[in-house]
Amino acid sequence: MPDEVRERAGVPVLVCDPDGPVVATEQDALDLIGAAFLGAQVVAVPAGRLDPSFFTLGSRFAGEVMQKFVNYRLKLAVIGDISEHLAASSALRALVHESNRS
């Protein structure tokens, strides 16, 4: 299935295909943001489409990607099991906790 905008609980969401290209660069994130301009307020990305560096906060990739979404007033939802990454990083656990609060 291609990436497509679907309504979830009254909110337009760009639902990304799990088999789509890996988000490994800032440009890849901007491509998703551009696709969201078809009317989405949220971009739902399967965890498997995110480069492993996204989950290593020292790489700064997650922060750069998240900042892009904030700048364009979009929400980013990482969908799927990231428990392995959370178990390996207290900083990532804190980030996820704070992100889920808002």
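Q: This is a predicted model. Which elements do the buried residues of α2 pack against?
A: The buried residues of α2 pack against α1 (26-36), β3 (42-46) and β4 (75-79).

Q: Which residues of α2 are buried?
A: Helix α2 covers residues 61-71, and F61, A62, V65 and F69 are its buried positions.

Q: Where do the buried residues of α2 fall, seen down the helix axis?
A: They fall within an arc of 100 degrees, so they line one face of α2.

Q: What comes just after α2?
A: R73 does, and its phi is positive, at about 55 degrees.

Q: Let us turn to α1. Which of its residues are buried?
A: A29, L32, I33 and A36 are the buried residues of α1.

Q: Why can these buried residues be said to line one face of α1?
A: Look down the axis of α1. The buried residues fall within an arc of 100 degrees, so one face of the helix carries them.

Q: What covers the buried residues of α1?
A: The cover includes β2 (11-15), β3 and α2.

Q: Now the rings. What describes a pair of aromatic rings?
A: Two values do: the distance of the centres and the angle of the planes.

Q: How many aromatic pairs does a search of the whole structure find?
A: The search finds three aromatic pairs. Take F54 and F55. Their ring centres are 5.3 Å apart and their planes are at 80 degrees, so this pair is edge-to-face.

Q: Are F54 and F55 buried or exposed?
A: Both are buried.

Q: What are the distance and the angle for F54 and F61?
A: The centres lie 6.2 Å apart, with 85 degrees between the planes. This aromatic pair is edge-to-face. F54 and F61 are both buried. F61 also belongs to the buried set of α2.

Q: What do the ring pairs link into a cluster?
A: They link F54, F55 and F61.

Q: One more site. Where does S89 lie?
A: S89 lies in the loop between α3 (83-88) and α4 (90-101).

Q: Why is S89 classed as buried?
A: The cut-off is under 20% relative accessible area. S89 has 17%, so it counts as buried.

Q: Which backbone atom lies 3.0 Å from a polar atom of the S89 side chain?
A: The backbone nitrogen of L92 does.

Terms used. Residues numbered from 1 in each chain as written. Predicted model: local features only at pLDDT ≥ 70, side-chain atom pairs only at ≥ 80, totals over all residues. Heavy atoms only, no water. Helix = DSSP H or I, 4+ residues; strand = E, 2+ residues; numbered from the N terminus. Buried < 20%, exposed > 50% of the residue type's maximum accessible area, 1.4 Å probe, protein only. Polar contact = N/O pair within 3.5 Å; in protein donor to acceptor, adjacent residues only side chain to side chain. Arc of directions from axis to C-beta. Contact = heavy atoms within 4.5 Å. Phe/Tyr/Trp six-rings, centres within 6.5 Å; stacked < 30°, edge-to-face > 60°.
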